[in-house]
Amino acid sequence: MYEIKVEKFEGPLDLLLELIVDEKLDITEVSLSAITDKYLAEVSGLDPKTHDVAEFLVIAARLIYLKSKAILPTIETPEEEAEIEDLKAKLEIYKKYKDAAKEFGNILNKNQRSFPAKTPKKIINTFTAPKGIELKDMWSIFQRLLKDMPEELKREQVELPSEKITVEDKLADLELIFKAKKKHTFSSLLKKSKSKLDAIITFLAILELVKCKKIRVAQTSNFKDIGLEIL
Amino acid sequence: MKKDNEKIKSFIESILLVAEKPVSIKELSSSIGQMNSEIQKALTELINEYKNKGIKIIKKGEYFSLVTDPENSEIVGKFLNEELRHDLSDAAIETLSVITYKQPVTRVEIEDIRGVQSDQLLRNLMIRGLITEVGRKETPGRPILYGTTMEFMQYFGFSNESQIPEFKEPVSEELFNNIDTIT
């Protein structure tokens, strides 16, 4: 973890605590007021680039209040008093965690770590063709394999359609159809399609024609056949 | 079917060895097909049996892991060619201590205690796997709740939560009683 900070304190609480510990004081109102000058000196030397100075100033204000109260005891206000109590409590709590962190540091410095069992990397079954094998070799091997396959595992040969219809092609077709006859029904157009894919493309092409305002679509009622007319 | 205790222990050992993550009692009991109480009993015995062995079963909450004895870390580290000296900054350790004792805890709560922004530190600790998101606080904004991980236990060489140094909440009453002695 990289933290480059030249200052030995990180935040206002850290600084306050450091000053109090340096003076061998406990966390009390009196000791807080005693370190006010030192705190202010540190804060005035802060680099806004590395520290959030505002956080430091809030506490500075409380310290100055404490100091002025020592000189003019009459200025005590309940609100400020509560803030001082709050600050003292916070410092006390912070100190506990800082002490605990010191303990953590000591433990870490013993370098006594436990390591988990290393699970071996999962064996991934990938195929790497032996050297010198080409596509045509693999093809002939595959053919041989198919031939030797038990009869019951063989499936009926199915011819895969190699048709490639694009919406553009279909649009051109439809244009011809509409040129020959101005009116058609949706079902009659679909009936012309040779396959499911062809039907889908036909539908898409019709949508395209509607969008381009080349044809008009009308339906007399729900689920009735749709009439198409070229404009 | 109730299985022999020794057999259950043997199953647990095998599962913990291959597990990639800490394993809970619940997971063990469903894999082995035994009651939680049987698993718990077997685990307690196993942990005891490993007392003088180079491997240990460590526990965090409901989860268990099979790890090397932290006292062997020097040798193991050398074998693994791993740097043992920790590289956490004081601020990171401090943040870790706050999370350890306050978990589940939100970023704002951590920052309130430390009096300084801690988001970057939290991110780094997360990447290191020492802390993780353990849930969301049901308050406006549903902030992330952070907690320590099994890796945290391993990093410190703790074998269970009772080995984490005890934390004493400060008693604020005492603060006021001291004033006279200082002046």
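Biologist: In what order do the three strands of the open sheet of chain A lie?

Modeller: The strands of this open sheet in chain A follow the order 1-3-2, and their pairing is antiparallel. Please bear in mind throughout that this is a predicted model.

Biologist: Which strands are the edge strands in chain A?

Modeller: An edge strand pairs on one side only, and in chain A this applies to strand 1 (183-185) and strand 2 (215-219). As for orientation, neighbouring strands of this sheet are turned by 25 degrees against each other on average, direction ignored.

Biologist: How many bridges pair strand 2 of chain A with strand 3 of chain A?

Modeller: Five bridges link strand 2 of chain A with strand 3 (residues 226-230) of chain A, in the antiparallel sense. One can follow the pairing at the level of residues: A:Q219 has A:I226 in strand 3 of chain A as its bridge partner.

Biologist: How are two packed helices described?

Modeller: Such a pair is described by the angle between the helix axes and by the distance between those axes. In this structure, consider helix 7 (residues 167-180) of chain A and helix 9 (residues 196-211) of chain A: their axes come within 9 Å and cross at roughly 70 degrees. Angles from 65 to 115 degrees count as roughly perpendicular, and helix 7 and helix 9 of chain A are therefore roughly perpendicular to each other.

Biologist: Which residues make the contact between helix 7 and helix 9 of chain A?

Modeller: Helix 7 of chain A contributes A:V167, A:K170, A:L171 and A:L174, while helix 9 of chain A contributes A:I201, A:T202, A:L204, A:A205, A:E208 and A:L209. By class, the residues of this contact are seven nonpolar, one polar and two charged.

Biologist: Let us turn to the other chain. What is the strand order of the three-stranded open sheet in chain B?

Modeller: In chain B the order is 1-3-2, with antiparallel pairing. The edge strands of this sheet are strand 1 (23-24) and strand 2 of chain B. Strand 2 and strand 3 of chain B run antiparallel and are joined by six bridges. Within strand 3 of chain B, B:T68 stands opposite B:I55. Helix 1 of chain B packs on the sheet and touches strand 1, strand 2 and strand 3 of chain B. The direction of helix 1 makes about 75 degrees with that of strand 3 of chain B.

Biologist: How many helices and strands does chain B have?

Modeller: Chain B has nine helices and five strands. Buried residues account for 31% of the 183 residues in chain B.

Biologist: How many residues of chain B are in contact with chain A?

Modeller: On the side of chain B there are 50 residues, in contact with 39 residues of chain A. Several elements of chain B each supply at least two residues, among them helix 1 (5-18), strand 2 (55-60), strand 3 (63-68) and helix 9 (172-182). Helix 5 of chain B gives the most, with eight residues. By class, the side of chain B that touches chain A has 26 nonpolar, 14 polar and 10 charged residues.

Terms used:
Residues are numbered from 1 along each chain as its sequence is written. Chains are lettered from A and ligands numbered from 1 in the order in which they are written. This is a predicted model: local features need pLDDT of at least 70, side-chain atom pairs count only at pLDDT 80 or more; totals for chains, interfaces and linings use all residues. Axes are lines fitted to C-alpha atoms, for helices over the stretch in contact, and angles run from 0 to 180 degrees between N-to-C directions. Helices (H or I, at least four residues) and strands (E, at least two) are DSSP runs, numbered from the N terminus. Angles under 35 degrees count as roughly parallel, over 145 as roughly antiparallel, 65 to 115 as roughly perpendicular and the rest as oblique. Two residues are in contact if their C-beta atoms, placed from the backbone, lie within 7 Å. Ala, Val, Leu, Ile, Met, Phe, Trp, Tyr, Cys and Pro count as nonpolar, Asp, Glu, Lys and Arg as charged, and the others, Gly among them, as polar. Two strands pair if DSSP finds at least two bridges between them. A residue is buried if 20 or more other C-beta atoms lie within 10 Å of its own, exposed if 12 or fewer, and partly exposed in between; C-beta atoms are placed from the backbone.
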